[in-house]
Amino acid sequence: MMADIAAPLKRWSYASVSDKIADIVLSRPTHWLWFAAFGIASLGTIAFIGAIGYLFMRGIGIWGVNIPVAWGFAIANFVWWIGIGHAGTFISAILLLLRQRWRTSINRFAEAMTLFAAGIAGIFPILHLGRPWFFYWLVPYPNVMELWPQWRSALVWDIFAISTYLIVSLLFWYIGLVPDLATLRDRAHGRWKQITYGLLALGWRGEARHWARFETVYLLLAGLATPLVVSVHSVVSLDFAIAIVPGYHSTVFPPYFVAGALFSGFAMVLTLAIPLRHFFRLQEFITDRHLENAAKILLACGWIVAYGYFIETFTAFYSGDEYEIAMVIDRLLGVYAPVYWTVLLCNVVLPQILWWRVARRSAWTLLAISLVVNLGMWLERVMIVVQSMHHDFLPSAWGNFIPTVWDWITLAGSIGFFAFLFLLFVRFLPAISIFEMRELVREEKSA
Amino acid sequence: MTVYGVMAEFVSAEALLAAVRKARAAGYANVEAYSPFPIEGLAEAAGFRRNWVPAIVLGGGLVGGLGGYFMQWYSAVISYPINSGGKPPHSWPEFIPVTFEMTVLVAALAGVIGMLMLNGLPRLYHPLFNVREFDLASRNRFFVCLRADDTEAARAFLRGLEPLGVWDVPQ
């Protein structure tokens, strides 16, 4: 497999891989499509900021949330974004430890994706607080009220898990970038570019002892990030599973959420990788083989997610608990039933196309499937968050959640903001790890 | 003119490794090697002995984990005991998530900060950057720099290794 992945690199040298990737950032003229996409993404970003501003003015009443459905799109978006933010670290850390060298050309932008998605995810629980300006009360700090956070609350675990994940992902991404920033510094012509990249590169020189410590810390960060990835979505799932609401209270949630996170994360990797390699002509670095491997992981995760759907339904009936059974019947036939059946179609039925090699080898089929999975996973989050709450114990307490226009603007705005950050990233930072590509070239030469 | 060292340029990782080994064998104690990607065995060949990074990460993890647990125990048992669902104040299973996250966080921060400090980074100015050709050290070329009092002899030694070029690095 390894030979297959690196084979197109035979024609490349240290100099040409470095120049190819660095010049995308340094000297390639910006395509009008980039400007068009950036314009749209900027509008989305403005809408996002506007929606948040209006929320701060008016309060969460602008959303469709109320009792009994107090958790609406904000929490569904949070879980969806943090899930997308899982594949980057999975690729960077777990595949590094497993010595899957094909990860090299996709880890950098997947890490960027992780960072942006996790950052956006972190905004939503804060927005969803009734008084978002007090969000820092979740953090232990010396205060005149002499209060401490409630350590038995899953929400406190959440803020520790999310902020640790964000910081560790940022460190992992930035440390991996430093040698490449040095390449940009040494290759840049303009004065301000030299200064900017020079400051960011921290004076990296590539000394042998520096590389030795660098590699050690990179490997150890990968080792630390591996359980971290699993822990983050497990903790997120505990926000639900610790509660007694039918549909939330389930022991399968942590593995089911982690698999769902990888599922949506790999879908997003494909959604980003396919246009990226198309527009920057990186087919020799991000090969069909890479896409095929990602598709296989997608398929495998899809089956774990399908198992989660099955076991949730099975357990409800097996438990004999009338509230659980009523919740499942409502899920299959109730007012939100179209959401459930769309979830099954998007996440279980359609991805089965990936069994066929032709589909895995066709970039545009993969792009379509990845968009379908992104949609399906978002709907799944909505289903879990909303449908469970709208139909809990007492019929007198049942009620429906109908999203308002502000719910939709906030969701669309968050996607716009993600695109905004990602477009800036591909324009100003190397989207593929240059020094690791040089290592692959060396292996290919000596092979 | 005082010089920082004498530098030679090579085309391949193998040539650099061989040059470093020869320099050490010839008695040069202070050998620096620069490459555009990590090369296995190069640091050891250049005289790198003790890698403190793993110990620093371990230390960070211990401080984070023990500190995180202590923080929760102190606040829940001593400083602010509160009856939540009839659970005992020291309900340790529920302290595990934060303990774990703190372990990872402090270990990672310690590792990165430790690596940068041991490497003497950030250091934006370095004499090596005065040599124009050194720009290629981050692209496709491999450099060795000898720091010795007798620069004349070092220069002659490096020329004997058939490099692409030999330069004095101004201080």
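T103(B) is found in helix α4 of chain B, where helices (H or I, at least four residues) and strands (E, at least two) are DSSP runs numbered from the N terminus. This is a predicted model, in which local features need pLDDT of at least 70, side-chain atom pairs count only at pLDDT 80 or more, and totals for chains, interfaces and linings use all residues. Residues are numbered from 1 along each chain as its sequence is written, while chains are lettered from A and ligands numbered from 1 in the order in which they are written.

**Helix α4 of chain B**

- T103(B) has 24 C-beta neighbours inside 10 Å and therefore counts as buried; the term applies if 20 or more other C-beta atoms lie within 10 Å of a residue's own, exposed means 12 or fewer, partly exposed is in between, and C-beta atoms are placed from the backbone.
- Leaving aside residues up to four places away in sequence, T103(B) touches G61(B), G64(B), G65(B) and G68(B); two residues are in contact if their C-beta atoms, placed from the backbone, lie within 7 Å.
- From C-alpha to C-alpha, T103(B) and G68(B) are 7.5 Å apart in space, and they are 35 residues apart in sequence.
- The helix α4(B) has 23 residues and reaches 32 Å from its first C-alpha to its last, close to the 33 Å expected at 1.5 Å a residue; the expected span is 1.5 Å times one less than the number of residues.
- Of the 23 residues in α4(B), 18 are buried, and the helix is mostly covered.
- After α4(B) comes G120(B), with a positive phi near 70 degrees.

**The sheet of chain B**

- Four strands of chain B form an open sheet with antiparallel pairing, in the order β2-β3-β1-β4; two strands pair if DSSP finds at least two bridges between them.
- β2 (31-34) and β4 (165-170) of chain B stand at the edges with a single partner strand each, so one side of each is left without a neighbour in the sheet.
- From one strand to the next, the twist averages 25 degrees; axes are lines fitted to C-alpha atoms, for helices over the stretch in contact, and angles run from 0 to 180 degrees between N-to-C directions.
- Helix α1 (residues 13-25) of chain B packs on this sheet and touches β1, β2 and β3 of chain B. The direction of α1 makes about 15 degrees with that of β3(B).
- Strand β1 (residues 3-10) of chain B runs antiparallel to β3(B), and five bridges join them.
- A8(B) stands opposite V144(B) in β3(B), and E9(B) has F143(B) of β3(B) as its bridge partner.
- In a regular strand, side chains alternate between the two faces of the sheet.
- β1(B) also pairs with β4(B) in the antiparallel sense, over six bridges; there V3(B) has P170(B) of β4(B) as its bridge partner.
- Six of the eight residues of β1(B) are buried, and the strand is mostly covered.

**Where the two chains touch**

- The contact takes 50 residues from chain A and 52 residues from chain B.
- On the side of chain A that touches chain B, the elements giving two or more residues are α2 (14-26), α7, α8, α9 and α17 (434-446) of chain A.
- α9(A) gives the most to this side of chain A, with 16 residues.
- The residues of this side divide into 28 nonpolar, eleven polar and eleven charged; Ala, Val, Leu, Ile, Met, Phe, Trp, Tyr, Cys and Pro count as nonpolar, Asp, Glu, Lys and Arg as charged, and the others, Gly among them, as polar.

**Cis peptide bonds**

- I67(A) and P68(A) are joined by a cis peptide bond, with omega about 10 degrees. P68(A) is found in the loop between α3 (32-58) and α4 (73-84) of chain A.
- L121(B) and P122(B) are also joined by a cis peptide bond, with omega about -5 degrees. P122(B) lies in the loop between α4 (96-118) and β3 (142-146) of chain B.

**Positive phi outside glycine**

- E146(A) is not a glycine, yet has a positive phi of about 55 degrees. E146(A) lies in the loop between α6 (104-128) and α7 (154-187) of chain A, and counts as exposed because it has 8 C-beta neighbours inside 10 Å.
- L202(A), in the loop between α8 (191-200) and α9 (208-241) of chain A, has a positive phi near 60 degrees. With 18 C-beta neighbours inside 10 Å, L202(A) counts as partly exposed.
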